Amino acid sequence: MDNQTVLEATEAMRGLFPATPLQQNEHLSARYGADIWLKREDLTPVRSYKIRGAFNFFRKVIAEGGTGKTFVCASAGNHAQGFAFVCRHFGVPGVVYMPVTTPQQKIDKTRIFGGEFITIKLFGDFFDQCYQAARDHVESIDGVMVPPFDHADIIEGQATVAAEIAEQLPDGVIPDHVLLPVGGGGLAAGITGYFADKLPREAFTFAEPAGAPSLRRSIEAGKVITLAKVDNFVDGAAVGRIGELNFAALKDFAAEQVKLIEENAICVTITDMLNVEGVVLEPAGALAITALEKLDRDSIRGKTIVAVVSGGNFDFERLPDVKERAMRYAGLKKYFILRLAQRPGALRDFLNMLGPEDDIARFEYLKKSARNFGSILIGIETKNPDNFKQLIANFESSGMGYEDITENEILANLII
(Lines give C-alpha, C1' and ligand atoms only; values in the text may rest on other atoms or scores of the structure.)
Protein backbone atom coordinates (compact mmCIF):
# COMPACT_ATOMS: atom_id res chain seq x y z
CA MET A 1 0.00 0.00 0.00
CA ASP A 2 1.34 3.41 -1.03
CA ASN A 3 0.79 6.18 1.52
CA GLN A 4 0.52 8.72 -1.29
CA THR A 5 -2.51 6.93 -2.71
CA VAL A 6 -4.00 6.86 0.79
CA LEU A 7 -3.60 10.64 0.99
CA GLU A 8 -5.27 10.96 -2.41
CA ALA A 9 -8.15 8.80 -1.17
CA THR A 10 -8.40 10.95 1.95
CA GLU A 11 -8.63 14.12 -0.12
CA ALA A 12 -11.26 12.59 -2.39
CA MET A 13 -13.25 11.52 0.66
CA ARG A 14 -13.64 15.14 1.77
CA GLY A 15 -16.26 15.47 -0.94
CA LEU A 16 -18.34 12.92 0.95
CA PHE A 17 -17.83 13.85 4.61
CA PRO A 18 -15.38 15.80 6.80
CA ALA A 19 -12.64 14.12 8.80
CA THR A 20 -13.98 12.45 11.93
CA PRO A 21 -12.72 14.02 15.19
CA LEU A 22 -9.70 12.81 17.13
CA GLN A 23 -10.68 13.70 20.68
CA GLN A 24 -8.62 13.70 23.84
CA ASN A 25 -10.66 11.90 26.47
CA GLU A 26 -10.17 13.23 30.00
CA HIS A 27 -12.22 10.48 31.63
CA LEU A 28 -10.10 7.64 30.24
CA SER A 29 -6.87 9.60 30.55
CA ALA A 30 -7.46 10.09 34.27
CA ARG A 31 -8.40 6.44 34.77
CA TYR A 32 -5.28 5.04 33.10
CA GLY A 33 -2.80 7.82 33.80
CA ALA A 34 -2.11 8.26 30.09
CA ASP A 35 -2.90 10.75 27.32
CA ILE A 36 -5.73 8.91 25.57
CA TRP A 37 -7.26 10.02 22.30
CA LEU A 38 -10.33 8.53 20.62
CA LYS A 39 -10.68 8.46 16.84
CA ARG A 40 -14.44 8.83 16.54
CA GLU A 41 -15.45 6.73 13.54
CA ASP A 42 -18.89 6.53 15.12
CA LEU A 43 -19.35 10.09 13.81
CA THR A 44 -19.22 9.38 10.08
CA PRO A 45 -22.52 9.88 8.20
CA VAL A 46 -23.30 6.15 8.67
CA ARG A 47 -21.83 5.97 12.20
CA SER A 48 -18.99 3.61 11.25
CA TYR A 49 -15.72 3.57 9.32
CA LYS A 50 -17.14 1.17 6.72
CA ILE A 51 -18.14 4.08 4.49
CA ARG A 52 -14.43 4.73 3.81
CA GLY A 53 -13.62 1.41 2.20
CA ALA A 54 -16.86 1.41 0.23
CA PHE A 55 -16.21 4.92 -1.10
CA ASN A 56 -12.68 4.10 -2.17
CA PHE A 57 -13.77 0.89 -3.87
CA PHE A 58 -16.57 2.63 -5.78
CA ARG A 59 -14.45 5.56 -6.92
CA LYS A 60 -11.79 3.22 -8.29
CA VAL A 61 -14.32 1.12 -10.22
CA ILE A 62 -16.09 4.22 -11.56
CA ALA A 63 -12.78 5.80 -12.60
CA GLU A 64 -12.07 2.67 -14.64
CA GLY A 65 -15.35 2.99 -16.53
CA GLY A 66 -17.70 1.12 -14.23
CA THR A 67 -20.50 3.68 -14.18
CA GLY A 68 -22.84 1.35 -16.08
CA LYS A 69 -22.45 -1.46 -13.56
CA THR A 70 -24.76 -2.50 -10.76
CA PHE A 71 -22.98 -2.85 -7.43
CA VAL A 72 -23.92 -5.64 -5.02
CA CYS A 73 -23.11 -6.42 -1.41
CA ALA A 74 -24.20 -8.89 1.25
CA SER A 75 -24.48 -7.46 4.74
CA ALA A 76 -26.94 -6.84 7.55
CA GLY A 77 -24.81 -4.23 9.28
CA ASN A 78 -22.39 -1.35 8.82
CA HIS A 79 -21.08 -2.49 5.44
CA ALA A 80 -24.60 -2.36 3.98
CA GLN A 81 -25.17 1.14 5.30
CA GLY A 82 -21.86 2.47 3.99
CA PHE A 83 -22.51 0.76 0.65
CA ALA A 84 -25.97 2.33 0.39
CA PHE A 85 -24.73 5.83 1.25
CA VAL A 86 -22.00 5.62 -1.40
CA CYS A 87 -24.44 4.33 -4.03
CA ARG A 88 -26.55 7.44 -3.51
CA HIS A 89 -23.46 9.69 -3.52
CA PHE A 90 -22.27 8.41 -6.89
CA GLY A 91 -25.77 7.94 -8.28
CA VAL A 92 -25.20 4.31 -9.20
CA PRO A 93 -27.56 1.36 -8.68
CA GLY A 94 -26.86 -1.03 -5.85
CA VAL A 95 -28.40 -4.23 -4.51
CA VAL A 96 -28.07 -5.13 -0.84
CA TYR A 97 -28.65 -8.75 0.14
CA MET A 98 -29.65 -9.28 3.78
CA PRO A 99 -30.76 -12.40 5.67
CA VAL A 100 -34.51 -12.68 6.20
CA THR A 101 -33.80 -12.51 9.94
CA THR A 102 -32.34 -8.97 9.71
CA PRO A 103 -34.05 -6.58 12.18
CA GLN A 104 -36.40 -4.14 10.47
CA GLN A 105 -34.51 -1.20 11.99
CA LYS A 106 -31.37 -2.13 10.02
CA ILE A 107 -33.34 -2.63 6.82
CA ASP A 108 -35.02 0.77 7.17
CA LYS A 109 -31.75 2.53 7.95
CA THR A 110 -30.02 1.06 4.92
CA ARG A 111 -32.94 2.08 2.72
CA ILE A 112 -32.80 5.65 4.06
CA PHE A 113 -29.08 5.94 3.27
CA GLY A 114 -29.44 4.55 -0.26
CA GLY A 115 -32.76 6.04 -1.24
CA GLU A 116 -33.90 5.35 -4.79
CA PHE A 117 -30.49 4.01 -5.78
CA ILE A 118 -30.64 0.74 -3.85
CA THR A 119 -32.74 -2.38 -3.82
CA ILE A 120 -32.85 -4.56 -0.72
CA LYS A 121 -33.32 -8.29 -1.16
CA LEU A 122 -33.96 -10.56 1.83
CA PHE A 123 -32.69 -14.10 1.37
CA GLY A 124 -31.97 -17.03 3.69
CA ASP A 125 -31.92 -17.37 7.43
CA PHE A 126 -28.13 -17.23 7.72
CA PHE A 127 -25.47 -14.96 6.26
CA ASP A 128 -23.76 -17.70 4.24
CA GLN A 129 -26.98 -18.33 2.32
CA CYS A 130 -27.45 -14.60 1.80
CA TYR A 131 -23.86 -14.15 0.60
CA GLN A 132 -24.13 -16.97 -1.93
CA ALA A 133 -27.34 -15.45 -3.30
CA ALA A 134 -25.53 -12.12 -3.73
CA ARG A 135 -22.67 -13.87 -5.56
CA ASP A 136 -25.11 -15.64 -7.87
CA HIS A 137 -26.87 -12.35 -8.61
CA VAL A 138 -23.61 -10.58 -9.47
CA GLU A 139 -22.72 -13.27 -11.97
CA SER A 140 -26.16 -13.22 -13.55
CA ILE A 141 -26.08 -9.46 -14.21
CA ASP A 142 -22.33 -9.01 -14.75
CA GLY A 143 -22.30 -6.69 -11.74
CA VAL A 144 -19.64 -5.67 -9.23
CA MET A 145 -19.42 -7.40 -5.85
CA VAL A 146 -18.29 -5.02 -3.11
CA PRO A 147 -16.49 -7.03 -0.40
CA PRO A 148 -16.68 -5.92 3.23
CA PHE A 149 -12.94 -6.10 4.01
CA ASP A 150 -10.78 -8.41 1.88
CA HIS A 151 -9.79 -6.17 -1.03
CA ALA A 152 -6.86 -3.82 -1.64
CA ASP A 153 -9.11 -0.82 -2.37
CA ILE A 154 -11.16 -1.47 0.78
CA ILE A 155 -7.97 -1.63 2.86
CA GLU A 156 -6.69 1.57 1.27
CA GLY A 157 -9.97 3.29 2.09
CA GLN A 158 -9.81 2.22 5.74
CA ALA A 159 -6.20 3.47 5.89
CA THR A 160 -7.55 7.02 5.55
CA VAL A 161 -8.34 6.76 9.28
CA ALA A 162 -4.58 6.68 9.91
CA ALA A 163 -3.92 9.58 7.56
CA GLU A 164 -6.40 11.68 9.52
CA ILE A 165 -4.91 10.65 12.87
CA ALA A 166 -1.44 11.71 11.73
CA GLU A 167 -2.83 15.07 10.61
CA GLN A 168 -4.96 15.67 13.71
CA LEU A 169 -2.47 14.94 16.50
CA PRO A 170 -0.77 18.05 17.94
CA ASP A 171 2.40 19.12 16.17
CA GLY A 172 5.30 16.86 16.98
CA VAL A 173 3.17 14.27 18.79
CA ILE A 174 3.55 10.67 17.66
CA PRO A 175 1.36 8.03 19.30
CA ASP A 176 3.20 5.63 21.57
CA HIS A 177 0.42 3.10 21.23
CA VAL A 178 -2.48 2.49 18.83
CA LEU A 179 -5.42 0.27 19.77
CA LEU A 180 -7.31 -1.24 16.85
CA PRO A 181 -10.49 -3.34 16.74
CA VAL A 182 -10.36 -6.40 14.48
CA GLY A 183 -13.14 -8.20 12.67
CA GLY A 184 -12.32 -9.02 9.07
CA GLY A 185 -9.07 -7.11 9.42
CA GLY A 186 -9.43 -4.37 6.79
CA LEU A 187 -9.19 -1.48 9.25
CA ALA A 188 -6.22 -3.00 11.09
CA ALA A 189 -4.39 -3.83 7.86
CA GLY A 190 -4.91 -0.31 6.52
CA ILE A 191 -3.85 1.56 9.65
CA THR A 192 -0.80 -0.58 10.41
CA GLY A 193 0.25 -0.33 6.76
CA TYR A 194 0.03 3.47 6.77
CA PHE A 195 2.02 3.77 10.00
CA ALA A 196 4.56 1.07 9.05
CA ASP A 197 7.41 3.55 8.55
CA LYS A 198 6.38 5.75 11.47
CA LEU A 199 5.72 3.36 14.37
CA PRO A 200 7.37 0.13 15.54
CA ARG A 201 5.32 -3.06 15.42
CA GLU A 202 5.22 -3.12 19.21
CA ALA A 203 3.17 0.10 19.17
CA PHE A 204 0.03 -1.74 18.04
CA THR A 205 -2.49 -3.70 20.07
CA PHE A 206 -5.38 -5.45 18.37
CA ALA A 207 -8.70 -5.99 20.12
CA GLU A 208 -10.67 -9.02 19.01
CA PRO A 209 -13.88 -10.49 20.48
CA ALA A 210 -13.12 -13.50 22.65
CA GLY A 211 -15.92 -15.33 20.86
CA ALA A 212 -14.47 -14.66 17.39
CA PRO A 213 -10.65 -14.81 17.62
CA SER A 214 -9.93 -15.34 13.92
CA LEU A 215 -6.78 -13.16 13.81
CA ARG A 216 -5.32 -14.55 17.02
CA ARG A 217 -5.85 -18.17 16.02
CA SER A 218 -4.53 -17.53 12.50
CA ILE A 219 -1.33 -15.89 13.77
CA GLU A 220 -0.81 -18.79 16.18
CA ALA A 221 -1.27 -21.30 13.35
CA GLY A 222 0.76 -19.34 10.79
CA LYS A 223 -2.10 -19.50 8.29
CA VAL A 224 -5.67 -18.34 7.92
CA ILE A 225 -7.96 -20.37 10.18
CA THR A 226 -11.71 -20.69 9.78
CA LEU A 227 -13.37 -20.76 13.19
CA ALA A 228 -15.81 -23.60 13.78
CA LYS A 229 -17.99 -21.43 16.02
CA VAL A 230 -18.47 -17.69 16.48
CA ASP A 231 -20.23 -15.71 19.21
CA ASN A 232 -22.23 -13.08 17.32
CA PHE A 233 -22.74 -10.67 20.23
CA VAL A 234 -20.08 -8.29 18.84
CA ASP A 235 -21.86 -8.36 15.51
CA GLY A 236 -19.67 -5.72 13.86
CA ALA A 237 -16.53 -7.80 14.44
CA ALA A 238 -17.74 -11.39 14.81
CA VAL A 239 -15.97 -12.84 11.78
CA GLY A 240 -15.23 -16.53 11.41
CA ARG A 241 -12.39 -16.08 8.93
CA ILE A 242 -10.10 -13.07 8.62
CA GLY A 243 -9.47 -11.76 5.11
CA GLU A 244 -6.59 -13.32 3.19
CA LEU A 245 -5.04 -9.97 2.21
CA ASN A 246 -5.54 -8.65 5.73
CA PHE A 247 -3.88 -11.67 7.31
CA ALA A 248 -0.93 -11.25 4.94
CA ALA A 249 -0.56 -7.70 6.30
CA LEU A 250 -0.93 -8.71 9.97
CA LYS A 251 0.64 -12.18 10.20
CA ASP A 252 4.04 -10.96 11.43
CA PHE A 253 2.63 -9.31 14.55
CA ALA A 254 2.96 -11.33 17.75
CA ALA A 255 -0.08 -13.33 18.81
CA GLU A 256 0.22 -11.69 22.24
CA GLN A 257 -0.52 -8.31 20.62
CA VAL A 258 -4.01 -9.57 19.81
CA LYS A 259 -6.02 -9.18 22.99
CA LEU A 260 -9.16 -11.28 23.28
CA ILE A 261 -11.87 -9.12 24.80
CA GLU A 262 -14.67 -10.77 26.74
CA GLU A 263 -18.12 -9.88 25.43
CA ASN A 264 -19.39 -8.96 28.90
CA ALA A 265 -16.37 -6.68 29.48
CA ILE A 266 -17.36 -4.81 26.32
CA CYS A 267 -20.77 -4.21 27.91
CA VAL A 268 -19.08 -2.48 30.85
CA THR A 269 -17.41 -0.09 28.40
CA ILE A 270 -20.67 0.57 26.54
CA THR A 271 -22.54 1.49 29.73
CA ASP A 272 -19.60 3.48 31.11
CA MET A 273 -19.18 5.57 27.95
CA LEU A 274 -22.94 6.14 27.74
CA ASN A 275 -23.35 7.14 31.40
CA VAL A 276 -20.18 9.20 31.80
CA GLU A 277 -19.49 10.60 28.33
CA GLY A 278 -22.89 10.42 26.65
CA VAL A 279 -21.27 8.45 23.81
CA VAL A 280 -23.30 5.68 22.17
CA LEU A 281 -21.13 2.76 21.03
CA GLU A 282 -21.96 -0.53 19.41
CA PRO A 283 -20.11 -3.58 20.79
CA ALA A 284 -17.47 -3.52 18.03
CA GLY A 285 -17.02 0.22 18.60
CA ALA A 286 -16.16 -0.41 22.24
CA LEU A 287 -13.50 -3.07 21.54
CA ALA A 288 -10.44 -0.81 21.44
CA ILE A 289 -11.42 1.11 24.58
CA THR A 290 -12.05 -2.11 26.48
CA ALA A 291 -8.58 -3.34 25.45
CA LEU A 292 -7.04 -0.61 27.64
CA GLU A 293 -7.75 -2.94 30.57
CA LYS A 294 -5.46 -5.52 28.97
CA LEU A 295 -2.44 -3.20 28.90
CA ASP A 296 0.09 -2.97 31.70
CA ARG A 297 -0.69 0.24 33.62
CA ASP A 298 2.95 1.04 34.34
CA SER A 299 3.96 0.65 30.70
CA ILE A 300 1.36 3.13 29.41
CA ARG A 301 1.58 5.73 32.18
CA GLY A 302 2.19 9.15 30.64
CA LYS A 303 2.14 7.76 27.09
CA THR A 304 0.08 9.00 24.14
CA ILE A 305 -2.48 6.37 23.16
CA VAL A 306 -4.93 6.43 20.25
CA ALA A 307 -7.92 4.09 20.33
CA VAL A 308 -10.06 3.75 17.20
CA VAL A 309 -13.78 3.80 17.99
CA SER A 310 -15.08 1.92 14.99
CA GLY A 311 -18.84 2.41 15.19
CA GLY A 312 -21.91 3.58 17.06
CA ASN A 313 -24.81 1.76 15.41
CA PHE A 314 -26.34 0.54 18.63
CA ASP A 315 -29.88 -0.82 18.79
CA PHE A 316 -31.27 0.40 22.11
CA GLU A 317 -33.48 -2.65 22.33
CA ARG A 318 -30.24 -4.41 23.31
CA LEU A 319 -29.62 -2.08 26.24
CA PRO A 320 -31.23 -4.27 28.95
CA ASP A 321 -29.06 -7.21 27.85
CA VAL A 322 -25.94 -5.01 27.77
CA LYS A 323 -26.65 -3.67 31.26
CA GLU A 324 -27.26 -7.19 32.54
CA ARG A 325 -23.98 -8.47 31.08
CA ALA A 326 -22.06 -5.46 32.41
CA MET A 327 -23.31 -5.93 35.97
CA ARG A 328 -22.51 -9.64 35.92
CA TYR A 329 -18.99 -8.99 34.59
CA ALA A 330 -18.38 -6.30 37.23
CA GLY A 331 -19.50 -8.71 39.97
CA LEU A 332 -22.46 -6.53 40.90
CA LYS A 333 -25.15 -9.05 40.04
CA LYS A 334 -25.45 -12.77 40.67
CA TYR A 335 -28.06 -15.45 40.19
CA PHE A 336 -28.56 -18.31 42.62
CA ILE A 337 -30.72 -21.40 42.88
CA LEU A 338 -31.66 -21.70 46.55
CA ARG A 339 -33.05 -24.75 48.35
CA LEU A 340 -35.50 -23.08 50.69
CA ALA A 341 -37.23 -24.93 53.51
CA GLN A 342 -41.01 -24.96 53.13
CA ARG A 343 -41.94 -23.73 56.57
CA PRO A 344 -43.31 -20.51 58.06
CA GLY A 345 -40.56 -17.90 58.44
CA ALA A 346 -38.11 -19.49 55.97
CA LEU A 347 -38.36 -16.59 53.53
CA ARG A 348 -37.92 -14.08 56.36
CA ASP A 349 -34.78 -15.90 57.50
CA PHE A 350 -33.39 -15.65 53.99
CA LEU A 351 -34.17 -11.94 53.71
CA ASN A 352 -32.30 -11.33 56.96
CA MET A 353 -29.15 -12.70 55.27
CA LEU A 354 -29.13 -9.83 52.79
CA GLY A 355 -26.89 -6.85 53.47
CA PRO A 356 -27.95 -3.17 53.39
CA GLU A 357 -26.68 -2.76 49.79
CA ASP A 358 -28.21 -5.97 48.44
CA ASP A 359 -31.35 -5.79 46.33
CA ILE A 360 -33.52 -8.59 44.94
CA ALA A 361 -33.85 -8.10 41.16
CA ARG A 362 -35.59 -11.39 40.41
CA PHE A 363 -37.46 -13.95 42.50
CA GLU A 364 -39.08 -17.02 41.01
CA TYR A 365 -40.38 -20.19 42.62
CA LEU A 366 -39.28 -22.97 40.30
CA LYS A 367 -40.80 -26.18 41.59
CA LYS A 368 -41.27 -28.31 44.68
CA SER A 369 -38.08 -30.36 44.63
CA ALA A 370 -38.86 -32.29 47.84
CA ARG A 371 -41.67 -32.51 50.32
CA ASN A 372 -40.00 -30.14 52.75
CA PHE A 373 -37.96 -27.93 50.39
CA GLY A 374 -38.59 -25.73 47.34
CA SER A 375 -36.23 -24.36 44.67
CA ILE A 376 -35.99 -20.61 44.21
CA LEU A 377 -34.32 -18.71 41.34
CA ILE A 378 -33.13 -15.41 42.71
CA GLY A 379 -31.20 -12.54 41.15
CA ILE A 380 -29.41 -10.17 43.50
CA GLU A 381 -27.83 -6.81 42.69
CA THR A 382 -25.43 -5.03 45.00
CA LYS A 383 -23.22 -1.92 45.03
CA ASN A 384 -19.95 -3.64 45.90
CA PRO A 385 -18.88 -7.06 44.61
CA ASP A 386 -17.34 -7.87 48.01
CA ASN A 387 -20.85 -7.91 49.46
CA PHE A 388 -21.41 -11.31 47.85
CA LYS A 389 -18.66 -12.83 49.99
CA GLN A 390 -20.66 -12.07 53.11
CA LEU A 391 -23.92 -13.23 51.55
CA ILE A 392 -22.42 -16.58 50.54
CA ALA A 393 -20.90 -16.91 54.02
CA ASN A 394 -24.39 -16.38 55.42
CA PHE A 395 -25.76 -19.11 53.16
CA GLU A 396 -23.13 -21.55 54.29
CA SER A 397 -23.34 -20.78 57.99
CA SER A 398 -27.10 -21.29 57.91
CA GLY A 399 -26.79 -24.58 56.05
CA MET A 400 -28.88 -23.29 53.14
CA GLY A 401 -28.35 -25.21 49.92
CA TYR A 402 -27.41 -22.92 47.04
CA GLU A 403 -25.79 -22.90 43.60
CA ASP A 404 -24.28 -19.84 41.93
CA ILE A 405 -25.42 -20.05 38.28
CA THR A 406 -24.21 -16.59 37.19
CA GLU A 407 -21.51 -17.92 34.86
CA ASN A 408 -23.41 -20.97 33.68
CA GLU A 409 -23.93 -19.97 30.04
CA ILE A 410 -26.50 -22.66 29.29
CA LEU A 411 -28.71 -21.70 32.20
CA ALA A 412 -28.10 -18.01 31.61
CA ASN A 413 -29.35 -18.26 28.04
CA LEU A 414 -32.40 -20.24 29.11
CA ILE A 415 -33.63 -18.37 32.17
CA ILE A 416 -31.64 -15.16 32.62
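This is a predicted model: local features need pLDDT of at least 70, side-chain atom pairs count only at pLDDT 80 or more; totals for chains, interfaces and linings use all residues.
Reader: OK, the largest nonpolar core next. Which residues touch the most other members?
Author: That core has 33 residues, and the ones with the most contacts to other members are Ile165, Leu180, Ile191, Phe195, Phe204, Phe206 and Leu215. Several elements each supply at least two residues of this core, including helix 8 (160-168), strand 7 (177-181), helix 9 (186-194) and strand 10 (304-309). Apart from this core lies another one of 32 residues, with Ala207, Phe233, Met273 and Leu281 among them.
Reader: Pick out Ile191 for me. What is it in contact with, leaving aside neighbours within four places in sequence?
Author: With those set aside, Ile191 contacts Gln158, Ala159, Val161, Ala162, Leu180, Phe204 and Val308.
Reader: Switching topic: Tyr97. Buried or exposed?
Author: Tyr97 is buried, because its relative accessible area is 7% and the cut-off for buried is under 20%. Tyr97 belongs to strand 4, residues 94-98.
Reader: How far is Tyr97 from Ala134?
Author: They are 37 residues apart in sequence, and their C-alpha atoms are 6.0 Å apart. Ala134 is also one of the residues in contact with Tyr97 once neighbours within four places are left aside; others on that list include Val72, Cys73, Phe123, Cys130 and His137.
Reader: Now strand 11. Why is it largely enclosed?
Author: Seven of the nine residues in strand 11 (residues 333-341) are buried, so the rest of the structure largely encloses this strand.
Reader: Which strands is strand 11 joined to?
Author: Strand 13 (residues 373-381) is joined to strand 11 by nine bridges, and the two run antiparallel. Strand 14 (residues 401-404) is joined to strand 11 by four bridges, again antiparallel. As examples, Lys334 has Ile380 as its bridge partner in strand 13, and Leu338 has Tyr402 in strand 14.
Reader: Salt bridges, then. How many in the whole structure?
Author: A search of the whole structure gives 27. In one of them, Glu164 pairs with Lys39, the closest N and O atoms being 2.7 Å apart. Glu164 is in helix 8 and Lys39 in strand 2 (residues 35-40), so this pair ties together parts that are 125 residues apart in sequence. Glu164 and Lys39 are both buried.
Reader: And Asp153 with Lys60, what's the distance there?
Author: The closest N and O atoms of Asp153 and Lys60 are 3.3 Å apart. Asp153 lies in helix 7 (residues 152-158) and Lys60 in helix 3 (residues 50-63), so the pair ties together parts 93 residues apart in sequence. Asp153 counts as buried at 18% relative accessibility, while Lys60 is partly exposed at 21%.
Reader: Last one: what about Arg362?
Author: Arg362 forms a salt bridge with Glu364, the closest N and O atoms being 2.9 Å apart. Arg362 is partly exposed at 27% relative accessibility, and Glu364 is partly exposed at 32%. Elsewhere, salt bridges with shared partners link Arg14, Lys39, Glu41, Arg52 and Glu164 into one network.

Conventions:
Residues are numbered from 1 along each chain as its sequence is written. Side-chain values use heavy atoms; hydrogens and water are left out. A nonpolar core is a set of buried Ala, Val, Leu, Ile, Met, Phe, Trp, Tyr and Cys residues joined through side-chain atoms within 4.5 Å. Buried means under 20% relative accessible area, exposed over 50%, partly exposed in between (1.4 Å probe, protein chains only). Contact means heavy atoms within 4.5 Å. Two strands pair if DSSP finds at least two bridges between them. A salt bridge is a side-chain nitrogen of Lys or Arg within 4 Å of a carboxyl oxygen of Asp or Glu.
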